[in-house]
Amino acid sequence: MVGAAEEAQLNRLENQVDNGGGGAWEYLCLVRKLKARRPDKVLKHGLSILNNPKARSNLGTEEWTLYEQVAIAAMDCQRVDIAKDCISVLSNKFPGSTRVGRLEGMLLEANGAWADAETTYRRLLEENPNDQVVQKRMIAMAKALGNISTAVEYLNKYLEIYMADQDAWRELAEIYVSLQMYKQAAYCYEELILCQPTVPLHHLAYAEVLYTMGGLENLQMAKKYYASAINFTGGKNTRALYGLCLCSVAINQITKGRNKEDKESPELQYLAAEALVKDYKEKAPAKLTLVTSTLKSMKLIS
Amino acid sequence: MAEDLVLDTAIRDWVLIPLSVVMVLIGVLRYFVSKLMRSSQLPDAKALKEGQVIIRARNLKSGANFIPSKSFRARRVYFTNEENGLLHVPKEQAQNAQAQMFSDPNMAMDMMKKNLSMLIPQSLTFAWVNFFFSGFVAAKIPFPLTQRFRAMLQNGIDLSSVDVSYVSSRSWYFLNLFGLRGFFSLILGEENAMDDTQRMMQMGGFGFDASRSLAAEKDSLDIIQHDWALPKIEHRAEQVLRKLLR
Amino acid sequence: MGGVGFAMGVLGGLLLAHAAYTTIQYRGMLKIVEEEFSGPPMNVVVELLIAMTLCMVAGLTVPGKFLSILPDSDDNRVVSLPANLDFMIFNHRGRVLPSDADLKLKK
């Protein structure tokens, strides 16, 4: 979970580091902690620490963590040469380590040597069949190769045992959405909501899946989940506000002509529209007319 | 009151310090012996899965109100149905679990090793202390204590007239036995946190019965009342937006 | 604020100690005049109350600011999920972006 304050801190540190203000190590630590993916910055600033013997020795045992982080970032930037150097340093330090073995597998992946990577991973799995990270790498590799159905199959097999693994559920949900298998995706998002009931982004994603599926019941449910996303973000999530407006319009179209059903909060969509207008007024006045005209055509604001 | 009981410095040199040093050395030795004997066994897939099922069932229990009731009911059936529900444990299997655990030679061996590495040095040192140092007043703590601490600090001396702040050698042994954990975690690294108390817990927890906790989860899932929280949250969202717009 | 709070805490601690000392004195005096101890004298009670207030103020101000625990507050609001790093793949569109060739791990 990345909170607003944490993100602000990350961006502030990034700015500071980019402008040569120091604090590179704090920045890298924060990136690791928040699991952010900023490979180019990590590569640049991580290398600047690693190439400075004094700064490096100040880290103590954390040095090796940094080597790993930089290696992964380098692979993410397609700088296989740097990754290779980092990994060779690590494998000299920790010969026979599983963690370094994983990195070597990833290096093969980044090189595009899929078959070799697979043999590496299979070897690691033979040593320890319960290694979750390696199993996830296998899934990711199937995805990278474009074998989405294989990836789904692997993921399902993985989740049968490690069914409390949120990351895997999230990955599966995203894959299902990309395959337009919304029912399955909805199931995965429900699972995520169960794991972390107060994370608005899961509610939002679930609502989006429901809205995409359509149908009166789903739309009503989607509206409720958009509302809960609004609740948990304090009304600051533009996507949830838009979603709520769209849902209410769609529901109105379906129920038009029928007798009014029990409406729990009829004013919610108007409030959401108003909140949108207010938000745009503050942050993007140039787009305000566009938004107001759109909302007017939805009959949400007058 | 036995004011100013003078302790011979020879007691310090030949009882207090050797006793402490021996305790530390035995702790270190035990750490390495148990490290040698520990077989790195992998948790098998079934146990792993059971743990994960329990986590997921707990998640379902705590977050039940956040998913629609249809989804909740489907999940409950998936977990608790009597044929192949994840939490359902067939009767005969539940009874076998215990027997299986005892018949598993690996498990028994592991138990033995743990017990050996704990029990033998402990009883040996206790016998040693008892034999050589019984009845010594080995140290004096620098603050007064109430009578209740007599049993703790003056084990082995049956004199009620001695001030409680004097420590007998046998009590010093016990204090060392239980009090050196922090010291060990400093010199041997954190993973040595497996101290005696934890070992005892493990022994008690031996025969941890997965099927029992599965059944408990199943029961608590069965009685859960589903009350969809989303309509309430919708109202709250309305209030949030009103507040935002004000 | 922190300095004042700290001073108040110290003062509270001193008052507590003084109250304890006074009580001991009082009990010693009672023993001499051979009366039963029924409760601490009034001034000790007042002293204790003042000390408690001071310590409470210190306890609330010295450690730091209060942080919000609401999930929808401005600080805690979740803005993004962590990147799913376990499933990261490397043949993404970022691979065509140019990278600084000077970057190199020095041996």
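Of the 302 residues of chain A, 42% count as buried in this predicted model. Chain A contains 17 helices and one strand. Its C-alpha trace spans about 75 × 45 × 30 Å along the principal axes. Among the contacts in chain A with a separation of 6 or more, 44% are between residues 24 or more positions apart.

**Domains of chain A**

Chain A is divided into domain 1, domain 2 and domain 3, with the bounds listed here.

| Domain of chain A | Residues |
|---|---|
| Domain 1 | 1-95 |
| Domain 2 | 98-145 |
| Domain 3 | 199-255 + 266-302 |

Taken over C-alpha atoms, the centres of domain 1 and domain 3 of chain A are separated by 39 Å.

**Helix 8 of chain A**

Helix 8 of chain A covers residues 114-127, which makes 14 residues. From its first C-alpha to its last, helix 8 reaches 20 Å, close to the 20 Å expected at 1.5 Å a residue.

Which residues of helix 8 of chain A are buried? They are Ala117(A), Thr120(A), Tyr121(A) and Leu124(A). A residue is called buried here if 20 or more other C-beta atoms lie within 10 Å of its own. Seen down the axis of helix 8 of chain A, the buried residues fall within an arc of 95 degrees, so they line one face of the helix. The general rule behind such a pattern is that an α-helix has 3.6 residues a turn, so residues three or four places apart point the same way.

The cover over the buried residues of helix 8 of chain A includes helix 7 (98-111) and helix 9 of chain A. On the other side of helix 8, Ala115(A), Arg122(A), Arg123(A) and Glu126(A) are exposed.

**Where chain A touches chain C**

Helix 9 also matters for the next topic, the side of chain A that touches chain C. In total, 43 residues of chain A are in contact with 27 residues of chain C. Helix 9 of chain A (residues 132-144) supplies the largest share of this side of chain A, six residues. By type, the residues of chain A on this side divide into 22 nonpolar, seven polar and 14 charged.

The two chains are also linked by strand pairing. What is the bridge partner of Val2(A) in strand 1 of chain C? The partner is Ser80(C).

Key: Residues numbered from 1 in each chain as written. Chains lettered and ligands numbered in written order. Predicted model: local features only at pLDDT ≥ 70, side-chain atom pairs only at ≥ 80, totals over all residues. Contact = placed C-beta atoms within 7 Å. Helix = DSSP H or I, 4+ residues; strand = E, 2+ residues; numbered from the N terminus. Nonpolar A, V, L, I, M, F, W, Y, C, P; charged D, E, K, R; others polar. Pairing = 2+ DSSP bridges. Buried ≥ 20, exposed ≤ 12 C-beta atoms within 10 Å, placed from the backbone. Expected span 1.5 Å × (residues − 1). Arc of directions from axis to C-beta. Domains from an automatic or database assignment.
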